[in-house]
Amino acid sequence: MKIIKAKDYKDMSRKAANIISAQVILYPNSVLGLATGSSPIGTYEQLVEWFNKGDVDFSGVRTVNLDEYRGLDGSNEQSYRHFMDEHLFDLVNIDKSKTFVPNGLAEDPEAECKRYDALIESLGGIDLQLLGIGHNGHIGFNEPSEAFDKTTHLVDLKPETIEANTRFFGNAEDVPKQAYTMGIKSIMQAKKIVLIVSSEDKAEILKKALYGPVTPEVPGSILQLHPDLTVVTCTT
């Protein structure tokens, strides 16, 4: 485990973007596992800035996103497909046909989960996975539970996760109650993981995840077992 301490959110974002851009420059056809939410926005902004300067080329990159809300179409402003288009895909020269997000409108959840796992496998797995962590320790939407869910699955979101996402929807009633999420196995099979944490109120859960017991009650704690984990944080 490597921990990089940043001065502030902007510095954290730049340092994380540095790692991702280095991956893409060295391996232009990399498979990137991408995250959404407020934490990675600055990282994507920095990557777009470097693209505009001609420093990084995304034309050969393929991506798989961690999760998507069930019931939301990719054109919905609150969907994670829309988030990625807005913050990265529409702003760089990536081939959008090679960017993948779970289908929130899939009629058969079980079939969709199997399809997404097979897709990741067909790409050869994930070369670099970008992660954030939730206040309850979730990574992706792998919520605290009695066991680690290994593969892509449909999850019932915890009340604290719904509350945390209310700021994007306006009120808790509008937040979807379920989401598709990549499983712990797919995340842990990524060759490299970059975890970014900027919020001061996540300092305690980050400490539990990195130094406490490995337990599905703190899903992020599984990252302790990854052979190539880099944590970039500006929490104290």
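Start by selecting N165, which sits in helix α5 (helices are DSSP runs of H or I, at least four residues, and strands are runs of E, at least two, all numbered from the N terminus). This is a predicted model, where local features need pLDDT of at least 70 and side-chain atom pairs count only at pLDDT 80 or more, while totals for chains, interfaces and linings use all residues. Residues are numbered from 1 along each chain as its sequence is written, and side-chain values use heavy atoms, with hydrogens and water left out.

Is N165 buried or exposed? It counts as buried because its relative accessibility is 9% (buried is under 20% relative accessible area, exposed is over 50%, and partly exposed is in between, with a 1.4 Å probe and protein chains only). Now show what surrounds it: apart from neighbours within four places in sequence, N165 is in contact with Y69, Y80, F141 and V175 (contact means heavy atoms within 4.5 Å).

Now jump to α1 (residues 9-26) and α2 (residues 41-52), whose axes come within 8 Å and cross at roughly 60 degrees. Axes here are lines fitted to C-alpha atoms, for helices over the stretch in contact, and angles run from 0 to 180 degrees between N-to-C directions. That angle makes α1 oblique to α2 (under 35 degrees is roughly parallel, over 145 roughly antiparallel, 65 to 115 roughly perpendicular, and the rest oblique). To see the contact, show side chains including Y9, S13 and R14 of α1 with I41, L47 and W50 of α2.

Then pick L119 in helix α4 (residues 109-122). L119 is buried, at 13% relative accessible area.

Last stop, the cysteines: C113 is buried at 8% relative accessibility, and C234 is buried at 12%. A search of the whole structure turns up zero disulfides, a disulfide being a pair of cysteine sulfur atoms within 2.5 Å.
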